[in-house]
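This report covers a helix pair and some backbone features. Please look at the structure first.

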Amino acid sequence: MRKITNEELGRPTLEEYAAMDKMPVTVVLDNVRSMQNVGAFFRTSDAFAVEHIALCGITATPPNREIHKTALGAEMSVSWDYTPSTAECVERLRGEGYRIYAVEQVEGAVMLDEFRAESGVRYALVFGNEVAGVDQAVVDLCDGAIEIPQAGIKHSINVSVSAGVVLWSFFCQVRPKH
């Protein structure tokens, strides 16, 4: 086996990436405090061609050196905006026709391995604060919740790692056609 070089990977330019089809998913960050986690969300969202990231509350925004350390430039490729209130952001997305799910451990959550994304539906996935999770008032505004099945004693996964798990599942189901 030979490792593939960056040139051989055929990565799109920023302009090509901006023009390509995206996965019909917007990621909503509800008061994510770690700038490294925010950067990881950008990098993962770029990898899976997420259409947009909504940064809310205390979540830091680019340009920011700490975000860039983890994002490695993905903060330049992934569309994003900032809204002071996550609840206002969720209401706006609902008005735009999104189906909104908290990624959270709540009563009635659908386990990720049982969740089936529907073709033609635009999704907003709300990820919460590293300690408090998705705010209950925001959970109350969601159409449902998705939980990542876990077997360990902690029943806790870093929020940016959770993004990788959930976005990979969505990518497998509703990836953009190239």
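Which residues in helix 2 meet which residues in helix 7?

## Contact of helix 2 with helix 7

The model is predicted. From helix 2, Asn37, Ala40, Phe41, Thr44 and Ser45 make the contact; their partners in helix 7 are Val159, Ser160, Ala163, Gly164 and Leu167. By class, this contact has 5 nonpolar, 5 polar and no charged residues.

## Helix 7 and its surroundings

Helix 7 has 16 residues and reaches 22 Å from its first C-alpha to its last, close to the 22 Å expected at 1.5 Å a residue. Its buried residues include Val159, Ser160, Ala163 and Leu167, which also meet helix 2. Phe170, Phe171 and Val174 are among the other buried residues of helix 7. The cover over the buried residues includes helix 2 and strands 1, 2, 4, 6 and 7.

## Backbone features in loops

Most residues other than glycine have a negative phi, and most peptide bonds are trans. Asn31, in the loop between strand 1 and helix 2, has a phi near 60°. Asn31 is partly exposed, at 25% relative accessible area.

Leu72 also has a positive phi, about 55°, and sits in the loop between helix 3 and helix 4. Leu72 is exposed, with a relative accessible area of 54%.

The peptide bond from Pro62 to Pro63 is cis, with omega near -5°. Pro63 belongs to the loop between strand 2 and helix 3.

Note on methods: Residues numbered from 1 in each chain as written. Predicted model: local features only at pLDDT ≥ 70, side-chain atom pairs only at ≥ 80, totals over all residues. Heavy atoms only, no water. Contact = heavy atoms within 4.5 Å. Helix = DSSP H or I, 4+ residues; strand = E, 2+ residues; numbered from the N terminus. Expected span 1.5 Å × (residues − 1). Buried < 20%, exposed > 50% of the residue type's maximum accessible area, 1.4 Å probe, protein only.
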